[in-house]
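Good morning. Please look at the structure on the screen while I go through it.

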Amino acid sequence: GETSDTTSSVEGQLMEARERIAQLEGKLSAQRGELKSREETCVELRKSLKEAVALLQPLQDQVVDAERERDEIKRQLENAEKPTGGIGGDMDILRSLEEKLGEKEKE
């Protein structure tokens with residue numbers, strides 16, 4: 001009587017514990033899968049970011065070069081506008097620089 005009741009009670013608890021373990025193992029497996037997926041996504045994002053930075057660097061260099069060239073042309077233009085002895089030569093330089101500046105602004 002009492003022994004079989006105790007045995008069936010223990011067996012019932014053991015079955016519940018096994019079910020709970022199976023549930024927890026399932027959750028753990030799902031969490032591991034999700035973590036792996038997140039890590040893979042993170043790796044892809046880092047790779048994309050590096051590629052984007054690599055693409056931006058040449059553009060940034062071009063901007064710096066264009067600004068430097070623009071400043072040089074402006075400086076030459078200002079120097080050409082200053083009154084000097086040879087007006088004819090300065091006017092030719094001024095026209096040439098204005099043409100260059102106009103071409104650069106069109107780009």
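What radius of gyration does the protein have, and what would a compact globule of 107 residues have? The protein has 39 Å, whereas such a globule would come near 13 Å. The radius is taken over C-alpha atoms, and the globule rule is 2.2 Å times the number of residues to the power 0.38.

Some ground rules before I go on. This is a predicted model, in which local features need pLDDT of at least 70, side-chain atom pairs count only at pLDDT 80 or more, and totals for chains, interfaces and linings use all residues. Residues are numbered from 1 along each chain as its sequence is written, and side-chain values use heavy atoms, with hydrogens and water left out.

Now the overall layout. The C-alpha atoms fill a box of roughly 130 × 20 × 15 Å along the principal axes. The secondary structure is two helices and zero strands; helices (H or I, at least four residues) and strands (E, at least two) are DSSP runs, numbered from the N terminus.

Next, the surface. Of the 107 residues, 7% count as buried. Buried means under 20% relative accessible area, exposed means over 50%, and partly exposed is in between, with a 1.4 Å probe and protein chains only.

Where is the largest nonpolar core? It has six residues: I73, L77, A80, L94, L97 and L101. Helices α1 (2-81) and α2 (87-106) each give two or more residues to this core. A nonpolar core here is a set of buried Ala, Val, Leu, Ile, Met, Phe, Trp, Tyr and Cys residues joined through side-chain atoms within 4.5 Å. As background, in soluble globular proteins nonpolar side chains tend to be buried together.

Take L97, in helix α2. Is L97 buried or exposed? L97 counts as buried because its relative accessible area is 4%. Not counting residues up to four places away in sequence, L97 touches I73, Q76, L77 and A80, where contact means heavy atoms within 4.5 Å. By C-alpha atoms, L97 is 87 Å from R18, which is 79 residues away in sequence.

D5 is in helix α1 and counts as exposed, because its relative accessible area is 51%. The C-alpha atoms of D5 and I93 are separated by 111 Å, at 88 residues apart along the chain. E16 also lies in helix α1, and at 57% relative accessible area E16 is exposed. From E16 to L59, 43 residues along, the C-alpha separation is 65 Å. E105 is in helix α2 and is exposed too, at 63%. E105 and R70 are 35 residues apart in sequence, with their C-alpha atoms 9.2 Å apart in space.
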